[in-house]
Each structure stands twice: as C-alpha cells, then as structure tokens.
Amino acid sequence: MPGLVSVKTPPEAAPLRVSVPESQRSEGNKTPSPLPRKPPSPSPSRSKKKATPETPPLSDASLDNPDLGPFLLKLARDTIASGDGPAKALDFAIRASKSFERCAPEGQPSLDLAMSLHVLAAIYCSLSRFEEAVPVLERAIQVPDVSRGADHALAAFSGFMQLGDTFSMLGHVDRSISSYDQGLQIQIQALGDTDPRVGETCRYLAEANVQAMQFDKAEELCKKTLDIHRAHSEPASLEEAADRRLMALICEAKGDYESALEHLVLASMAMIANGQDNEVASIDVSIGNIYMSLCRFDEAIFSYQKALTVFKSSKGENHPSVASVFVRLADLYHRTGKLRESKSYCENALRIYSKPVPGTTAEEIAGGLTEVSAVFESVDEPEEALKLLSRAMKLLEDKPGQQSTIAGIESRMGVMYYMIGRYEESRSSFESAVAKLRASGERKSAFFGVVLNQMGLACVQLFKIDEAAELFEEARGILEQECGPCHQDTLGVYSNLAATYDAMGRVGDAIEILEYVLKLREEKLGIANPDFEDEKRRLAELLKEAGKTRDRKAKSLENLIDPGSKRTKKEGTKRWPGLGFRI
C-alpha cells in the first residue's frame, strides 16, 4: 500500500540491497531460465564461495521474452546479495528494464517496468552515479497511472521520493523539495490527509525545508505532522517527541525562543517517560542552546552539564557528542567573558575531533570543526578559524550531497579573509560558494543574496567596480523578493549599490536609490536610527553635485551608509573607497 517513505541513504552506509516483492520472488524461483542451459556448476557444499550468476550475452530479440525481465531482475538482486558488487548487477537491471519495456502491453502502464527502473536508479546511486539515476527516475514516475488504484499510487509516490533523494545528493535543493512535494500530494490523494503515513512524509518534507532554510513552509508541515501523530498515537509518544524537537528547531531558527523551549520541555518529558536517556541528553543540549540565546547563562550551563554527564557515561569520554557539548560550553564562557575556560573547552573538543572514535562520520567531524572555528572567530583569532574551516571543507569535498554545506563554509571563509584584508582570497572563496549555490538551485534564497553582496564588497576592494555593480544588482533583486525592501540585508545592498554607482560616475542612479531608501525609512521605518544624519548629509552632497534639490515629499533618511564613512567635495569621482560599503 502507499505510505512507504523513502529515506536518504547515509553516506557511509553499506551498498544498497535491492529486493523484489515476494510474489515475484516465488515466480522467479518457479520459472525456468529463458537462457540456454549450461553445464551444472559445482555443488555449493564443495565450493568455498557461492558462485555468482553468469549469463551469456543476449541479443536484442531475446529481450522480447516476457520471462526474461523478472529473471534478470532476480539476477541483479542475487548479484548484490552475493557481494559481487553493483557493477554486474547494473547490467542485469538495465537489460531487465529494457525487457519489461518491450513486453509491456501497448498503451497500458506496467508496474513491473516502474519497479525495474526504481531498482536501476538505486544501483546507479549506490555507484555514486546520481546524474544517470535522474533520467531513469524521471521515466519511472511517468509509467504509473495514479487513477488505477493503490499500487500505481505507491509506484508514483516511491518514484517521486526516490527522485527527491537523488536531487538532494546532487545538491539540487529546490528540485528535491519539489519532487517530495509531488510525492506527498499523490500520497494524500491515495490515503487521505490524516493517515499516519502521510504524517511521516510531512515530517520528511519539513526536514528538507529546514535544510533549505524555508522555515515557514517547514513549520506548516511540522504542525500537520504533529496533529496527525497526536490523533493516532498515545500521549507523550516517541513520534510526538520527535515532531516537537523538529518544531523547536524551526522556532529557534525564526527567533521564537520561548515556543522552542516549550516544545523541547514537552519532548524531554516524553523521552523520559519512554526511558530514552541519550535522547533526553540531546534535548538538554538544545535546551541549553535556547537558554544561551535568552542570555540565561546559569540555566544553560546546568543543561549542558547534565547532557555532558550522560554522554560521558553512556558513550565514552572521546565521543563526538561530548565534543559538541564542549564547543557549546566554550561559546558560553566566551560570551560571559571567561576566556581561559572557553579556550580550554575548545582544546578539549579539538582533541576529540583529531582522534575520533571508530564509527564517527566525516560529516560529524566537519560539523564539529566548523563549530569550534566559530568560537575562534568570535575571540578574534581568524587565522586559526580559517585552518579549521579548511580542514572541515576537505573532509566534505568528496561526499555527495554536501555542496550546499561546503558553500556555506566557503562563504564564512570569504568573510574572514575580507576582515583581515586578504581580498583576493575572499573573492575566490565567495566565487566558489556562489557557483555551488547556483548549481544546487539556491539562487533564489536570501542566503544567496547575502553571499552575492559579500562578494561584491570584495570586488570593490579589488577595484573591480563593474563586477561589483552586477553582483549588487543581482543581490538586490533576490533580497527584495525574499526579504522585502525594508529588511536590513536589503537596505545594506541598496547602500552598497548606491555607493558603487557613485564610484562609476552614475550619480543620477545613486541619487534615485538613495531617495527611494529615504522614502522607505521615513514612511515605514522611522528616523530614530543613529546613522540618520550621516545618510542625510551624503544624499545632500550627491544632490548638490548633480545640481538638484531633494524632492520634499521625502522627509528623512535612516541606516543607509556606514557612519564611519567620510567624504569631502575634493574626492571627486574617486570618492568610492570611503563611501562606507556595508558588510
């Protein structure tokens, strides 16, 4: 029945084992091979290793045999099960799909064909050939006819979810979420919108939206999941606890810390009732994070220490979970001015990440190094932070599905290079990050707009003004769409673009932007910002230079240009370095 939820294969997981339904398995055992008979193989009792399936080359004409498709699909499964590797199984699966396609009744959808294509795509993915899996799955989702009943709906649902996973591994976040969403709609159509299996898919899609930083959509889906699980599960169930943890993460990302804390406390109570001590400790870490965001530092320390005690006793002194708590304590003590304690916790965390226990994934180590780098960055040690980020990036560069994460690391490195005056390296880091974000489909996200703005600032410092203007213009379009014109990031881009136009001699364009921002601030944001007078003076200078006067319908100016920027009439067309580009 519909309702199976596709789950992403962990990067370090064992090769995928592909199986076929029991009905077909039994049919495969009963149906004699359509291939020519071979001499008997040695008895397994006398063989040291199970013989792998061998088949002679098949002509195209033999693919018309209706018994061949199920047989080849069984061979593909047996080949993987024997440990012979997926390469030979791939050949069997390709020929099985061709046979099913040839033997399918004309004008009738073939579920056997859809299943064989799913298996073929899974084998491609196990070989990390994700690009080749995509067209196979796109073909597979076209085969079923959802109106024909539950089996067809299941085939279509599974195809869309598998396609979404494949896009995710390629880093195509928007296409991944689109595929998941189409799969969810098919599942709802087949099962109704209150079925527990629909709840699992909603949660899966909510997690994908969190990764894409689409928190409003994620919150909507998570609320639906929570409602479904509360209706079908016992009070304080593990499912409800998991939903509340996800909802807390979403609320925290949106700055709603009190709601996040409420969800975490309820999740902790459910885990305690179910005897899940390690999960309770993980929730304690999250509760500590919320307390730290609320500047309730004593309560945060108590939560972290509780989690630390459990992790040390259950997982060992050198487990990454212990290191992650050390990093949070380091950040907390830095915020409270206890720098010696902060540095000590950082060193303890790095000691664990340098010699991880067996079973620790590269993603865990990279994430930990990234967190430690943030502490070093906050204590004004950018060089050490850059070293840690470089190590993290090397750990992830060969891992599928990590392109967006690497782009985020490169963006952080670009900012740090910029702050220490290494502008060429800053621009290169941003350029690489932008290329990855474009390829992953995040070109419309607010984060992408911010990265474009940062890259534009690096170009300004390298006197690449034309390139900077193009980047600021693109960033403006994205942030206006995603955040609105009154958002602080959008206003910062307006400021930078106006300064760039001024540097290029396009004074009229600069004035137009400044007057637009001025009107926005007066009508919607007010004039209380301390940078108001400096911004008003800058606009007056531009108007005087152009021989114009300001449209008096506008009243005042708010936070447009860095207040530290100074400019005189003698600067002429070379005034742009001091125009206060905003980071």
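Q: Helices (H or I, at least four residues) and strands (E, at least two) are DSSP runs, numbered from the N terminus; over residues 281–314, what percentage of the chain is helix and what percentage is strand?
A: The chain there is 91% helix and 0% strand. The model is predicted, so local features need pLDDT of at least 70 and side-chain atom pairs pLDDT 80 or more, whereas totals for chains, interfaces and linings use all residues. Residues are numbered from 1 along each chain as its sequence is written, and side-chain values use heavy atoms, leaving out hydrogens and water.

Q: Why is S429 called buried?
A: S429 has a relative accessible area of 12%. Buried means under 20%, exposed over 50%, and partly exposed in between (1.4 Å probe, protein chains only); S429 is therefore buried. S429 belongs to helix α19 (residues 423–439). Leaving aside residues up to four places away in sequence, S429 touches E410, M413, G414 and Y417, where contact means heavy atoms within 4.5 Å.

Q: What makes α14 roughly parallel to α16?
A: Helix α14 (residues 320–335) packs against helix α16 (residues 362–378) at an angle of about 15 degrees, and their axes are 10 Å apart. Because angles under 35 degrees count as roughly parallel, over 145 as roughly antiparallel, 65 to 115 as roughly perpendicular and the rest as oblique, α14 is roughly parallel to α16. The axes are lines fitted to C-alpha atoms, for helices over the stretch in contact, and angles run from 0 to 180 degrees between N-to-C directions.

Q: Which residues join α14 to α16?
A: From α14, P320, V327, R328, A330, D331 and H334 meet E364, E371, V372, V375 and S378 of α16. By class, the residues of this contact of α14 with α16 are 5 nonpolar, 2 polar and 4 charged.

Q: What makes α17 roughly antiparallel to α18?
A: Helix α17 (residues 382–396) and helix α18 (residues 403–419) pack at about 160 degrees, with axes 10 Å apart. That angle makes α17 roughly antiparallel to α18.

Q: Which residues of α17 and α18 meet?
A: In α17 the residues are P382, A385, L386, L389, S390, A392, M393 and L396, which meet T405, I406, I409, E410, R412, M413, M416 and Y417 in α18.

Q: What makes P356 partly exposed?
A: P356 has a relative accessible area of 34%, which is why P356 is partly exposed. P356 sits in the loop between α15 (339–354) and α16. P356 and P320 are 36 residues apart in sequence, with their C-alpha atoms 7.2 Å apart in space.

Q: What is noted about the phi of M213 and of D380?
A: M213 has a positive phi near 60 degrees and is not glycine; D380, also not a glycine, has a positive phi of about 65 degrees. Most residues other than glycine have a negative phi. M213 lies in the loop between α8 (196–211) and α9 (215–232), and D380 in the loop between α16 and α17.

Notes:
Ala, Val, Leu, Ile, Met, Phe, Trp, Tyr, Cys and Pro count as nonpolar, Asp, Glu, Lys and Arg as charged, and the others, Gly among them, as polar.
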